[in-house]
Amino acid sequence: MMEITAGVRTMFRTSRVIAGSCRRYAASTSGGDQARLQGLKALRLPQMNKGTAFTLRERQALGIHGLLPPVISSMELQEERILHNLKDHSPLDKYVQLMDLQDRNEKLFYRVMCNHITDMMPIVYTPTVGLACQRYGYIFRRPRGLFITKYDKGHVRDIIASWPEQNVKAIVVTDGERILGLGDLGCYGMGIPVGKLALYTAIAGVHPSQCLPVMIDVGTDRQSLRDDPLYIGLKDKRDRSESYDELIDEFMQAVVERYGQNCLIQFEDFANSNAFRLLEKYRNKYTVFNDDIQGTASVAVAGFLASLRITKTKLGDNKFLFQGAGEASLGIADLIVNAMQEEGLSVEEARKRIWLVDSRGLIVQGRPSGGITEHKGRYAHEHKDLTDLTEIVKAVKPTVLIGAAAISGVFTPEILKAMASFNKRPVIFALSNPTSKAECTAEQAYTHTNGQCVFASGTPFDPFT
């Protein structure tokens, strides 16, 4: 210990001599101030900051020796400190801590994310991000990404040009109208693009500098937000005029002009009325992707294909019943049809195996209550009009039950028991998130089907045997 201490003292005495020489030299040259500015930049920019991991040589070269504690910590030690600080806190507190870390030390943030992805993903994204979005104005620290409002129409190119990165490859954009299963959160929805792009880096390896979160703020129809003094968005009613489309058009054109045709633009959490329409409008002109329609569908269908190994059936042998007929359900249904075609079924045969339930009940031909859009109408079959989900499940007798309407607890014990009564291995997917909106828990699904079901969810649950 004495030898180590003496060695450290010698090192710092030497470093002070070197640092003094460096400062005197820097002061005598025109680049001295510039060097000091670069050093401060390295400490203040999250992309450059390494905290106490800066080596002695780096501290001297950057002119920041003395601006940090003398200890030189490895990245491993800093990671351990972060994990220790995250212990015994609520999920929202952990979210705030991780976002602060991202704003302070990007390299360390992604190290913690990548090395502990199973633990960190539910904090940075669902289910915790839903709570974070609801309280975004209260936990707001530092802006991330771009905020474009309806009043910026005609100047969107200038806003895009103000973003400092020159090589953006992926943009996640939302207008905040349908955040998860929580509805219209307006500008608070920015938490979703920020969290989603953190996963782009942690899981897909896209460099953080190539990711850009964007909020298109056209107001909100949630009165409680407009009345909230801490709300960070426009306190106007949501704009549903032609001006909305003109703003989106301008945004799309500005992105391509700045970042090129191959820049991915992911639409996230737009309301049904805009999601399908915008995807159809832009999909053959820009590199666009709607996560709620296409991303959820790809993951869900992958889950169904995996379940076939347990049920020992083909996809076309199954009958699917969706609780919900929004973006997620219709996206999944359309992809199931495509997958069944690969098995040799026609489009018409495949669609006959898919049933949808919306807020007015089972979608059937000639439904008295109406409300059947073109997208829903593809799956309207000849059947008597039913509105109660329990009755619908018992009448349709599906082999696969999917929840994607964010109605908490809608898969009741009676429904789960019914699924087990006419299926040896019922497939139950409770896909709604956050956790508070799940149709049922894993424990409920396994308990009320006597362990027979094949279960998957859109939000994590505790293990249950």
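User: Hi! Which residues make up domain 1 and domain 2 here?

Analyst: Hello! In this predicted model, domain 1 covers 127-286 and domain 2 covers 295-457.

User: Nice. How many Å separate their centres?

Analyst: Taken over C-alpha atoms, the centres of domain 1 and domain 2 are 30 Å apart. Ten residues would be your list for one side: the contact takes 10 residues from domain 1 and nine residues from domain 2.

User: And how much area do domain 1 and domain 2 bury between them?

Analyst: About 800 Å², with 63% of it on carbon and sulfur atoms.

User: Which three residues of domain 1 supply more of that than any other three?

Analyst: That would be P127, G181 and F276, which supply 57% of the area that domain 1 buries against domain 2.

User: What about salt bridges, how many between domain 1 and domain 2?

Analyst: The count is one salt bridge. As for salt-bridge geometry, the side chains of E327 and R178 meet at 3.2 Å, N to O.

User: And how many residue pairs are in polar contact across that interface?

Analyst: Three residue pairs, with both residues at pLDDT 80 or more. On the side of domain 1 that touches domain 2, the residues divide into seven nonpolar, two polar and one charged.

User: Switching to the backbone. Where are there cis peptide bonds?

Analyst: One joins T126 and P127, with omega about 10 degrees. Another joins N433 and P434, where omega is about 5 degrees.

User: P127 again! Where does P127 lie?

Analyst: P127 is in the loop between α7 (117-124) and α8 (128-134).

User: OK, which residues other than glycine have a positive phi?

Analyst: D88 is one, with phi near 60 degrees, and A406 is another, at about 60 degrees. D88 sits in the loop between α4 (75-86) and α5 (91-104), while A406 is in the loop between β9 (400-403) and α20 (413-421).

User: Is D88 buried or exposed?

Analyst: D88 counts as exposed, because its relative accessibility is 82%.

Methods: Residues are numbered from 1 along each chain as its sequence is written. This is a predicted model: local features need pLDDT of at least 70, side-chain atom pairs count only at pLDDT 80 or more; totals for chains, interfaces and linings use all residues. Side-chain values use heavy atoms; hydrogens and water are left out. Helices (H or I, at least four residues) and strands (E, at least two) are DSSP runs, numbered from the N terminus. Buried means under 20% relative accessible area, exposed over 50%, partly exposed in between (1.4 Å probe, protein chains only). Domain bounds come from an automatic or database domain assignment. Contact means heavy atoms within 4.5 Å. Buried area is the accessible area (1.4 Å probe) that two parts lose on being put together, summed over both. A salt bridge is a side-chain nitrogen of Lys or Arg within 4 Å of a carboxyl oxygen of Asp or Glu. A polar contact is a pair of N or O atoms within 3.5 Å; within protein, one must be able to donate a hydrogen and the other to accept it, and residues adjacent in sequence count only if both atoms are side-chain atoms. Ala, Val, Leu, Ile, Met, Phe, Trp, Tyr, Cys and Pro count as nonpolar, Asp, Glu, Lys and Arg as charged, and the others, Gly among them, as polar.
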